[in-house]
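The exercises below are meant for a reader who is meeting this structure for the first time. Please try each task on the structure before reading the solution that follows.

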Amino acid sequence: MVSPPLLQPDFQAQPPCALSCASLSEEEVDTTEQFDDHGFALPLDGDAVGENVREYHRWFEPKALRRLGRFEYRRKRLPDPGAWSSVPKTALKGLLRKGVPHEHRKEVWCSVLGVPERMKASPSSYAEILAQARQEIPYKTSEEIERDLQRTFPNHRRFRQAAGQAELRNVLSAYAHHAPRVQYCQGINFIAALLLIVLEEEELSFWALVSAVETLGVERYYTEGMTLLRADMRTLGTLLEKKCPKVARRFAAVGVDLTSICSEWFITWYAKCMPISTTLRVWDAMFYEGFKVLFRVAVGIFKLVEADILKCTNFEDVMEQAKDWPRRMVNHNELLKTSFKGVPGLRRQDLLQVRDDALCHVEREDEEQKRRHQDVRERQALERAAREATKAAESKQQSVATGGAVLATAAALHVSGGGGGSN
């Protein structure tokens, strides 16, 4: 998947492809543009989803203030500042499903992901890992990272500036060095960027990324062949048949493969496809409860748009609408309720069993494909050898024929010459 290590350019002097990017200095940012509480540019007037987000925010604000009060009451009772992992499991799960007030997300995420402990346990500091990355990651990997910097949340104030893009570049480069099986894969850029938005610091964002990938157990989403991602798409299909059967039957009837719809959802942990406030609510629960939240939310989305899906009569209808389904999940409270209370009986061990079966199926498919490719290569080699042997035989025959003709001509000339001499 990756190229062998090549000489890596100095990241302080950006590679040529970065020099053509329209990064803005802080002085060049349009000060008249309005941004939301998370730093994203507010949609223009008339944008339906943007209007829904603003309206829902106003409606939800009283509820959010009540939750903030309960959250801060619980926070004051912690044995140590930020020690959220000390809260009883059931209580903490319920608290996180209700959503973490944004001003406390940095503290809570770092605690439930074990970021401070991971930083202390690491034999290398972030600065050392980044320095090694600048020298050792393949040039091809750094080019891929560089290309995606401008594509990552271009509507966010932080990443319109060179300093913000430099932070993202550093986190992605350090992770590429830390996880050599992955190096870099599209999708990780959105995850790292959202971590930077919430955690605000490069070092914390890097260690949170490392911890989250490990906690969720999804590294193989991003390795060669994306084996686990493909298996999880099969797992989601099985889950959908049980929890949302009408949707599953309609997809089967029109020939829709869930991979074409949901792979982006899983590979970015919903960071790219949903309203950011909704994504943050999903991450609040996911970082504590683990990978099954990805499945719960996917089923929750399908349940909420089931009526629209059932109106689709062909493949084109489904694919035309599919990108809008997660984007419409403005009501994050409804989505979380539907994903958890509306999907009962989803036990981790059952999901793991289905996932293991799907993984075995995908691995068998890969082995079969390898055998087919090997058979094709061997057949092509035999055919090539046969053609070369035939060509060699024809060439030899031609040589023999040519040699015979030469000898015959020489003999004729000799006879002719001998006859002339005797006269």
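Arg-105 has a relative accessibility of 5% and therefore counts as buried, where buried means under 20% relative accessible area, exposed over 50% and partly exposed in between, with a 1.4 Å probe and protein chains only. This is a predicted model, in which local features need pLDDT of at least 70 and side-chain atom pairs count only at pLDDT 80 or more, while totals for chains, interfaces and linings use all residues. Residues are numbered from 1 along each chain as its sequence is written, and side-chain values use heavy atoms, with hydrogens and water left out.

**Exercise 1.** Find the helix that holds Arg-105, and the backbone oxygen that lies 3.3 Å from a polar atom of its side chain.

Solution. Begin with the helices, which are DSSP runs of H or I with at least four residues, numbered from the N terminus; Arg-105 has its place in helix 4, residues 102-112. Next, look at the side chain of Arg-105, where a polar atom lies 3.3 Å from the backbone oxygen of Val-100.

**Exercise 2.** Locate the salt bridge between Arg-328 and Asp-308, and then the one between Arg-347 and Asp-350.

Solution. The side chains of Arg-328 and Asp-308 meet at 2.7 Å, N to O. This pair links distant parts of the chain, 20 residues apart, with Arg-328 in the loop between helix 18 (324-327) and helix 19 (332-340) and Asp-308 in helix 16 (residues 306-311). Arg-328 is partly exposed at 39% relative accessibility, and Asp-308 is partly exposed at 22%. For the other pair, the side chains of Arg-347 and Asp-350 form a salt bridge of 2.9 Å, N to O; Arg-347 is partly exposed with a relative accessible area of 46%, and Asp-350 is partly exposed with 33%.

**Exercise 3.** Which phi values do Gln-183 and Tyr-270 have, and in which loops do they lie?

Solution. Gln-183 is not a glycine, yet it has a positive phi of about 60°; it lies in the loop between helix 8 (162-178) and helix 9 (188-199), and at 10% relative accessibility it counts as buried. Tyr-270 likewise has a positive phi, near 70°, and lies in the loop between helix 13 (259-267) and helix 14 (276-289). With 0% relative accessibility, Tyr-270 counts as buried.

**Exercise 4.** Find the residue 123 positions along the chain from Val-354 whose C-alpha atom is 9.3 Å away.

Solution. Val-354 is found in helix 20, residues 348-422, and is partly exposed with a relative accessible area of 21%.

Methods
Helices (H or I, at least four residues) and strands (E, at least two) are DSSP runs, numbered from the N terminus. A polar contact is a pair of N or O atoms within 3.5 Å; within protein, one must be able to donate a hydrogen and the other to accept it, and residues adjacent in sequence count only if both atoms are side-chain atoms. A salt bridge is a side-chain nitrogen of Lys or Arg within 4 Å of a carboxyl oxygen of Asp or Glu.
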